[in-house]
Amino acid sequence: AEAPPTGVAADRGVAAGPIDTVSVVAAARRVHNRAMPIPAQRGASLLRALGFLLQFATVGLALAFVVTRLAPERFAPAAPAAPAAQPAGPASYREAVARAAPSVVNIYTRIVVAEPAYQIFADPTFQRFSGVTLVPQRVPRRGLGSGVIVRADGYVLTNHHVIAGAQDILVGLSDGRITPASVVGTDRDTDLAVLRIEGSNLPAAEPAPADQALAVGDVVLAIGNPLGIGQTVTIGIVSATGRNQLSLSRYEDLIQTDAAVNVGNSGGALVNARGDLVGINTSVFGRERGVQGISFAIPASAAARVLEQIIEHGHVIRGWMGSEYADAAQSASPVSDGLLRGVQLVAAVPGGPADQAGLRPGDILRRFNNADILDASDLHNAESLLAPGTTVRVEGERAGVPLDVQLTLVERPATSR
């Protein structure tokens, strides 16, 4: 019989040559897959994908754990940014005091007042026929206050009320010397007075630079002679500026502070944390009602203007409209969201600038010299800063009808010289 060809099975159930296992497995899988329903095939694929993802995640977590242990500083959370450091105030103000204190002086006054004589004989008829004449007694009284040397040639600023009516004035310097003083001039409208003492190269106060405006919260030191116990320094802050509704004087633009100010401090220095002069202490508010921590000072810039005019003219020259006025009731503005402010004319001096311009009592004035009028104090200050002879524009209304006039200021009569 003939042998079967190579590679061909002699019997269909027996392999005649070597078996290809890869082909067999693949064929088996195809047969298996054909035998499995389609949903089961999809489930198997999803399980295999999920297993792969779980293996990948496990390896990733293990790797991350190892890295964080080997270099923990690279994965630490960033520290929050530190807040910007605020400049700390000085631990001591000794340098400011050493700079300012020598310019502050003690002021002693002697005032002679007339007092009724003691009534020895109470019966007026007996006094008449007894021949006894009762003459009022002249009794000297002593006062005290403070002042500030503002020029090295002996000019001293203080308060008007410190030296008002004084027959004799003595000034005590910081080095212990006591010298007499003469009155150069006074200005009751701002409660300021200028004295002169003999001497040269005296320690004058340094005013604060004009570009360093005083602000609420600034530290200030009050230097003076409270109760006559000697030079004393107290500290506080600026509580407010521009106070002008206190009725302490005609022209008010005051600094409010909580630095302790007592009797004898009037006329003393208010200085900043560098020792620059920023004000002249003038008043304590509400003490009779138990109020504490409210005192006022005249700004050094305003005091400097008064000083210059008193030295040059002997008194302060101020512009004036020749009228008196009071705060007007506020009303809604038809052209803005704000309130209309101003003053109401109370009186016009016959023949004065306001009268000649046609202004009448009851007129409401809203603008002066092309600037809004806030209140009566604001207009007082605006007038006072202009020289007599200045022509200004005044705008307002009369019974709801607008008015617009021009007038030329005259010199305001001095309250006290």
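The structure holds zero aromatic pairs, a pair being rings of Phe, Tyr and Trp (its six-membered ring) whose centres lie within 6.5 Å. This is a predicted model, in which local features need pLDDT of at least 70 and side-chain atom pairs count only at pLDDT 80 or more, while totals for chains, interfaces and linings use all residues. Residues are numbered from 1 along each chain as its sequence is written, and side-chain values use heavy atoms, with hydrogens and water left out.

- Arg 196 lies over the face of Tyr 155, at 4.4 Å from the ring centre; the criterion is NZ of Lys or CZ of Arg within 6 Å of the ring centre and within 35 degrees of the ring normal.
- Both faces of β3 are covered, with Tyr 155 and Leu 157 buried on one side and Val 156 and Thr 158 buried on the other (buried means under 20% relative accessible area, with a 1.4 Å probe and protein chains only).
- β3 pairs with β6 in the antiparallel sense over four bridges (strands are DSSP E runs of at least two residues, helices H or I runs of at least four, numbered from the N terminus; pairing requires at least two DSSP bridges).
- Within β6, Ala 193 is the bridge partner of Thr 158.

**Nonpolar cores**
- The largest nonpolar core has 26 residues, and those with the most contacts inside it include Val 148, Leu 157 and Ile 280 (a core is a set of buried Ala, Val, Leu, Ile, Met, Phe, Trp, Tyr and Cys residues joined through side-chain atoms within 4.5 Å).
- The largest share of this core, five residues, comes from α6.
- Apart from this core lies another, of 18 residues, among them Ala 376 and Val 405.

Note on methods:
Phe/Tyr/Trp six-rings, centres within 6.5 Å; stacked < 30°, edge-to-face > 60°. Buried < 20%, exposed > 50% of the residue type's maximum accessible area, 1.4 Å probe, protein only.
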